[in-house]
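Please look at the sequence and the model before reading on.

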Amino acid sequence: MTKMNKRTLATGVGACALLLGSSFGLTTFAGKTDAHAADFPSKPIEVVVPFKPGGRTDTVARLLGKKIQEKGWLSQPFVIVNAAGGGGANAVSRMKRGDTDGHTAVHWHHQMLISIAMGLGNYDLSAFRSLGYTGGGSPVWAVRADSPFNSLEDVVNHLKKEPRSLVEAVGIGSIPHFVGAMLSKQGGFETRYVTANSGADRLRLLLGGTADIALFAASEYTAQGKGLKALVYFGKERLPNLPDLPTALELGYDVSWANPNWWLVPAGTPDAEADAISAALEKAIADPDIIKYFKANTLQPYWVPGAAAMEDAKKQLSSLKPIAETIN
Amino acid sequence: MWEAFQTLFQVDNLFFLFVGTSVGIVVGAIPGLTASMLIALTLPLTFHMMPVNAVTLLIGEYVGGISGGLITAILLRMPGTPASIVTTFDGYPMAMNGQPQRALALGIMASVVGGIISWFFLAGMSPLLAKFALQFGPWEYFGLVMMALVMLAALTQGSVIKGLLGAVLGMAFALPGIDSTTGRGRLTFEIDSLLSGFGLLPVLIGAFAISQILKETAAPIAPGPGFKLPKGKLPVYWKDARNHGANMARSGVIGTWIGLLPGIGGNIAALVSYTTTRQLSKEPEKFGSGHEPGVVSGETANNASIGGALIPLITMGIPGSVTEAILIGALTIHSLQPGPLLFQNAPEIAYGIIAAYLVANLLMLALMWSTVRYIAMITQLPRPGLLTGILVFCVVGSYAVNNSYTDVWVMLAFGAIGLGLEKCGVPLGPFVIGFVLSPICEEKLRAALMMSDGNVADVLTRPYALLFLAVALLTLCLPLFASGKKAGLAPPSEEGKA
């Protein structure tokens, strides 16, 4: 009987060990193909992702990391560490506890700017050194397919005639909220809000008729087929996947939101190490497989170097601060 | 659909489903490790797989992970997954009364029946149900959760004050974090790690598993009586179909239904169906002391909730839980976007998920049924070794949720809090329930008021919300009229025996 006990237990422990081993093993051993490795990186690079696994930021980090490892553009692999919660504060404190020699990095997007504008967490842009943007994606504003509104103009006219007569699904203090607020500020109209904490929540509330308008990633929108009607795209140029959808800029609103895949390291990281990672990322985003994934998922593959990305982010942040002040 | 089953019965798919389900059961049974953790860990491996293989593996893990939780809930009073909390209420007393195998066998049967009931809903009427569930806005969620809260308050009629004290404490611990209605930190005292609040898993693991470990360390429990195992026969009989059939059907429907509503997980499904069963029971006083229907209703409902949660996932692309959000991530890697178009673009995946869900449930039955007699011997293992092992997994699991040490400290602190509460006779059930339900209740009410510009009368236009609130009111008032002769639910502790 005890023998049987041990066996059951051993099977359990063995299965777990196998599972742990297989995911860690991959990252620890597989990367050592590059025999002439310079002294950086000397161990796997920890990439902190401020979200749970499975989302866009997580997936892009894993895909680029896999490609860099496969091609040997860095002698050590990326290890993705998900530190969700606290509006990114958990990820930042994780980064601050890590190395400042290039072995700790963060993959995030412009939600960070919103957290800074809202004053969540004790950090600002000076805590980071920017490595660059590896492409990004812009959202759309959509209504239900059976909605009487067929264009942004329809919605704006309706809201000017009957202020606050439409419900917008947003997470207060999140990207949908800020993008919507930038647009309504420009257009001089006002909606009512209902709390929605994720894209799934916004979809549920919009399809169920609780909300009238919501913001979606372009890929979330296209997956719904005929269920939704997009009114405006927030990219700087039209999206190739949706050639008929006008941008807000075209319609005369100075609002755009190009949510980039932003790679960062802690502020004290030296040039050589930061440049080594940047160079690998720049090659990865130009890789045909990655470009194919980006295009299929309505993301745009492009490269913006570190300093230029930081400039862009600072500009965006200054346009978010006045909106954060309107939230009490 | 038939083709989906044919695809599924190819060697590779069956293999992945088998691996997923068995690993899921083991991980589900270990307090601290959950299905969503396992799936997150497996996610990178699925990048290299065929999409159908990936989906069968993950569905197997999901079903196995939720089912495995009953093992430790019954044998050690440590829910292996949050969805098995209510199983500790009656399952553990049953095990202590010398019926561990009966409790396990019933739990397994109930899990499978729950899975199959919800599979019929999933396969038969997904689009219809998804459409219905979508009508639920903030008012309806508020009404539903309020109803559940009040029903659970009724659970502790015996010691109303202590029950309420537990519930209020649970609610208080749910307050810190980012307030989703204002986007600002609340009660965070400028501490960054408090911005994400107290995590569900660290609190649950702390309150149940750690407090139990502390208690047993202080006052060791003698290993269970060495029961003789009847050869080749498990203690489940045909008459159980008659005794528990109605309970299973009802709990299966409740579980599917609650699973349908995104954002409300298996733990709430189990809680609601447990209290419903108790409310309807002719002998409610027996619940909490090792009453079979208690185990049956909780385990039926938590498995049924998976099938329910898969409905909005495959028809609308709306994930009902963290686990499913990761499942969506696994699909998008293969450029498959779950949503209404999935049935057109990749029918083998959409139907594959449905078919895999059924087969995973059957595999789970076969696996657990054939090993249950050995599983029951966990209680015979030397306690120090067993508890140490569990403690290690609790620490690893709490850390792994967000890769944060803070969560480990939170878990340990709640272990001490849980122990303290029990010593004062404050039941843990209401504490955890207050903690789990009150944030949803608060958020939905505030969202509803936000949406209606602060107009409370808006709820009058929402029939379902009104219905739920009416049931809540009735639950609250009825015991006042019926004389309070019901001896309330004894807290799931062994105060008397200690």
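What is the mean pLDDT of chain B? The mean for chain B is 85, and 92% of its residues reach 70 or more; pLDDT is the predictor's confidence in each residue, from 0 to 100. Two stretches of chain B have a pLDDT below 50, as tabulated here with their contacts beyond near neighbours in sequence; two residues are in contact if their C-beta atoms, placed from the backbone, lie within 7 Å.

| Stretch of chain B | pLDDT | Contacts in the model |
|---|---|---|
| residues 226-230 | below 50 | three contacts |
| residues 483-498 | below 50 | 32 contacts |

This is a predicted model, in which local features need pLDDT of at least 70 and side-chain atom pairs count only at pLDDT 80 or more, while totals for chains, interfaces and linings use all residues. Residues are numbered from 1 along each chain as its sequence is written, and chains are lettered from A and ligands numbered from 1 in the order in which they are written.

For the complex, the predictor gives an ipTM of 0.82 and a pTM of 0.83. Chain A and chain B each bring 58 residues to their contact. On the side of chain A, the largest share, nine residues, belongs to α1(A); helices (H or I, at least four residues) and strands (E, at least two) are DSSP runs, numbered from the N terminus.

Chain A itself is assigned domain 1 (44-137 + 259-327) and domain 2 (139-233), with bounds from an automatic or database domain assignment. Their C-alpha centres lie 27 Å apart. Ten residues of domain 1 of chain A are in contact with eleven of domain 2 of chain A.
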